[in-house]
Amino acid sequence: SFILIPFAIIVYLYNLTKFKFRKLQKFQIPIICVGNIYIGGTGKTPISIEIYKMLKSIGKKPGIIKKYYKYLRDENKLISNKGKIYLNENRSLAIKKLIGHGDNIAILDDGLQENIINYDLSIVCFNQKQWIGNGFVIPAGPLRERLSAIKKAECIVINGQKDIKIENE
């Protein structure tokens with residue numbers, strides 16, 4: 001890990017500039033982003049599905065947005081069995097398609113690092129067992145962004161057992 005720290009610094013600096021000079025795209029519907037800063041399973045998709053179900057139960061017309069990747073067929077099928085999914089390599093185009101189909105809330109599953117969409121609510125997910133790993137940004141560690149990135153989130157979900165140490169951190 002320590003050998004890769006110089007590369008992790010480059011990734012960190014790239015992330016800083018990526019978010020500093022972005023022009024946010026605002027949509028006429030609410031956008032809920034469910035994401036993470038940890039590479040790997042933190043429970044984003046199950047949480048996205050639960051939010052979808054809750055919104056449906058109160059009469060809303062939500063849809064789940066996923067960036068299209070060929071290798072995520074199983075995850076996409078899981079979502080499509082539970083609700084509406086809109087896939088596209090460009091999340092903005094997927095949101096426009098969702099709006100065109102009459103849906104009125106977009107849930108971005110794994111969209112936290114999307115640097116052009118303005119979120120109305122962002123939820124950051126963690127797994128209690130993995131937490132932040134060694135705390136380093138990729139490639140030196142498992143984090144997409146530094147832990148301080150969670151300051152931009154309105155809600156943090158820690159899947160797993162209650163852990164006061166993690167909650168305080």
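Colleague: How much space lies in the largest pocket?

Modeller: Before the number, bear in mind that this is a predicted model, where local features need pLDDT of at least 70, side-chain atom pairs count only at pLDDT 80 or more, and totals for chains, interfaces and linings use all residues. Residues are numbered from 1 along each chain as its sequence is written, and side-chain values use heavy atoms, with hydrogens and water left out. On a 1 Å grid over the protein atoms alone, a pocket is an open set of points where a 1.4 Å probe fits, with protein on both sides within 12 Å along at least five of seven lines. Counted as the space filled by probe spheres set on points joined across faces, edges and corners, the largest pocket holds about 380 Å³.

Colleague: Which residues are the closest to the centre of the largest pocket?

Modeller: The lining of the largest pocket has 21 residues, a lining residue being one with an atom within 4 Å of a point. The closest to the centre are Tyr-69, Arg-91, Asp-110, Gln-113 and Arg-144.

Colleague: And which element gives the most to that lining?

Modeller: Two elements give two or more residues to it, helix H2 (44-57) and strand E2 (62-67). Helices (H or I, at least four residues) and strands (E, at least two) are DSSP runs, numbered from the N terminus. With three residues, the one that gives the most is H2.

Colleague: Is Arg-91 buried or exposed?

Modeller: Arg-91 lies in helix H4 (residues 91-100). Buried means under 20% relative accessible area, exposed over 50%, and partly exposed in between (1.4 Å probe, protein chains only). Arg-91 has 8% relative accessibility, so it counts as buried.

Colleague: Which residue has its backbone oxygen 2.7 Å from a polar atom of the Arg-91 side chain?

Modeller: Leaving out residues up to four places away in sequence, Arg-91 touches several others, including Ile-65, Leu-108 and Glu-114; touching here means heavy atoms within 4.5 Å. The backbone oxygen at 2.7 Å belongs to Asp-110.

Colleague: How much space lies in the largest cavity?

Modeller: A cavity is a set of grid points where the probe fits but cannot get out. Lys-66, Lys-67, Tyr-69, Leu-72, Arg-91, Asp-109 and Asp-110 line the largest cavity. Its volume is about 30 Å³.

Colleague: Why is the pair of Phe-2 and Phe-136 edge-to-face?

Modeller: Rings of Phe, Tyr and Trp (its six-membered ring) pair if their centres lie within 6.5 Å; planes under 30 degrees apart count as stacked, over 60 as edge-to-face and the rest as tilted. The search of the whole structure finds two such pairs. In this one the centres are 5.7 Å apart and the planes stand at 75°, so the pair is edge-to-face.

Colleague: How far apart in sequence are the parts that this pair ties together?

Modeller: Phe-2 sits in the segment before helix H1 (5-20), and Phe-136 in the loop between strand E5 (121-127) and strand E6 (155-159). Phe-2 counts as exposed because its relative accessibility is 65%, while Phe-136, at 25%, counts as partly exposed. The pair therefore ties together parts that are 134 residues apart in sequence.

Colleague: What about the rings of Phe-126 and Trp-131: how are they arranged?

Modeller: Both Phe-126 and Trp-131 are buried. Their ring centres are 4.6 Å apart and the planes are at 50°, so the pair is tilted.

Key: A polar contact is a pair of N or O atoms within 3.5 Å; within protein, one must be able to donate a hydrogen and the other to accept it, and residues adjacent in sequence count only if both atoms are side-chain atoms.
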